[in-house]
Every structure is written in structure tokens, then in C-alpha cells.
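Below are some notes for a colleague who has asked for comments on this model. Please read them with the coordinates open.

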Amino acid sequence: GVRMTALAWAARHALACGREAEAVAHALEALALWPEHAPDPGSIAEVWLAAVDCLDAAGDARAEGVLRTAVDWIAAAHRDRVPEPFRESFLHRNGVHRALMARAARGGGTTHI
């Protein structure tokens with residue numbers, strides 16, 4: 001868990017420093033730990049967002065697949081695991097979920113939940 005979070009943070013840091021290849025390597029290593037491990041602290045959505053940002057910045061086509069996985073997970077969690085009183089917040093007040101959904105919408109992906 002902690003390793004996954006650290007790798008996502010390392011990916012973001014490498015990207016901020018202009019080291020895209022390193023950012024992608026860290027992001028992919030973090031993603032490879034899922035679903036056997038979950039980030040700690042944080043959520044898998046934060047790892048997915050970091051990975052999408054890094055892959056996209058590097059022009060890596062895998063960004064689209066990671067984004068689709070994230071949006072599908074958000075939709076399934078919203079539908080199957082989030083109690084009704086919290087569904088609106090889950091989609092629209094959670095900044096990471098909101099960012100992933102907006103990113104998918106800009107890319108032409110279906111985000112209707």
C-alpha cells in the first residue's frame with residue numbers, strides 16, 4: 001500500500017521535473033500492484049490520475065486505457081457500493097473522481113453514470 005502511494009508520488013515528482021520516462025516507469029510500477037494492493041494513504045483513483053497524467057504527458061497511448069479503467073471503477077463503485085445519500089458527493093465533490101470524469105469527457109469517453 002505505502003509503496004504504491006510512494007510510486008505515484010514519485011511519478012508526479014518526476015513529471016514535474018520534466019523526467020517523463022521516469023514518471024511513466026514509476027506510474028506503471030504503481031499500477032502493477034493493483035488489485036493485490038491498495039494505496040495507503042490515498043485511493044486507487046489518485047494512482048490512476050497520476051498515471052494518466054504521466055502517460056499522457058509522455059504521449060503514451062496507454063493513458064486512454066488507464067483512464068477507461070478508472071472511469072469504469074468509479075461507475076461500478078457508484079452503482080454498487082456507495083450508499084444513495086453519498087452518491088452525488090462521490091462523483092462531484094471528490095476532486096480526484098471529478099478530475100478523472102472530466103478528463104474522460106474531454107477525451108470523448110462516455111461518463112454517464
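1. Basis. This is a predicted model, in which local features need pLDDT of at least 70 and side-chain atom pairs count only at pLDDT 80 or more, while totals for chains, interfaces and linings use all residues. Residues are numbered from 1 along each chain as its sequence is written, and side-chain values use heavy atoms, with hydrogens and water left out.

2. Aromatic pairs. Two aromatic pairs turn up in a search of the whole structure. Rings of Phe, Tyr and Trp (its six-membered ring) pair if their centres lie within 6.5 Å; planes under 30 degrees apart count as stacked, over 60 as edge-to-face and the rest as tilted. Trp34 and Trp48 have ring centres 5.7 Å apart and planes at 75°, so this pair is edge-to-face. The pair links distant parts of the chain, 14 residues apart: Trp34 sits in the loop between helix 2 (20–32) and helix 3 (44–57), and Trp48 in helix 3. Helices (H or I, at least four residues) are DSSP runs, numbered from the N terminus.

3. The second pair. Trp48 and Trp73 are also edge-to-face, because their ring centres are 5.5 Å apart and their planes stand at 65°. Trp48 belongs to helix 3 and Trp73 to helix 4 (residues 62–80), so the pair ties together parts 25 residues apart in sequence. Trp34, Trp48 and Trp73 form one aromatic cluster.

4. Buried means under 20% relative accessible area, exposed over 50%, and partly exposed in between (1.4 Å probe, protein chains only). Trp48, at 3%, is buried. Trp34 is partly exposed at 28%, and Trp73 is partly exposed at 24%.

5. Helix 6. What span should helix 6 have? The expected span of a helix is 1.5 Å times one less than its number of residues. For the 12 residues of helix 6 (residues 95–106) that gives 16 Å, and the end C-alpha atoms are 16 Å apart, which agrees. At the start of helix 6, a side-chain oxygen of Asn94 comes within 3.0 Å of the backbone nitrogen of Val96.

6. The buried side of helix 6. Its buried residues are Val96, His97, Leu100, Met101, Arg103 and Ala104. They cover an arc of only 160° around the axis, which puts them on the same side of helix 6; the arc is that of the directions from the helix axis to the C-beta atoms. The cover over these residues includes helix 3, helix 4 and helix 5 (87–92), with contact meaning heavy atoms within 4.5 Å.

7. Salt bridges. The whole structure holds nine salt bridges, each a side-chain nitrogen of Lys or Arg within 4 Å of a carboxyl oxygen of Asp or Glu. One of them joins Arg12 and Asp53 at 2.7 Å, N to O. Arg12 lies in helix 1 (residues 2–16) and Asp53 in helix 3, so the pair ties together parts 41 residues apart in sequence. Arg12 is partly exposed, at 33%. Arg12, Asp53, Asp56 and Arg103 are linked in a network of salt bridges.

8. Two further bridges. Arg62 and Asp60 meet at 2.6 Å, N to O; Arg62 is partly exposed at 45%, whereas Asp60 is buried at 19%. Glu84 and Arg87 meet at 3.2 Å, N to O. Glu84 is exposed at 57%, and Arg87 is partly exposed at 23%.

Definitions and conventions: Helices (H or I, at least four residues) and strands (E, at least two) are DSSP runs, numbered from the N terminus. A polar contact is a pair of N or O atoms within 3.5 Å; within protein, one must be able to donate a hydrogen and the other to accept it, and residues adjacent in sequence count only if both atoms are side-chain atoms.
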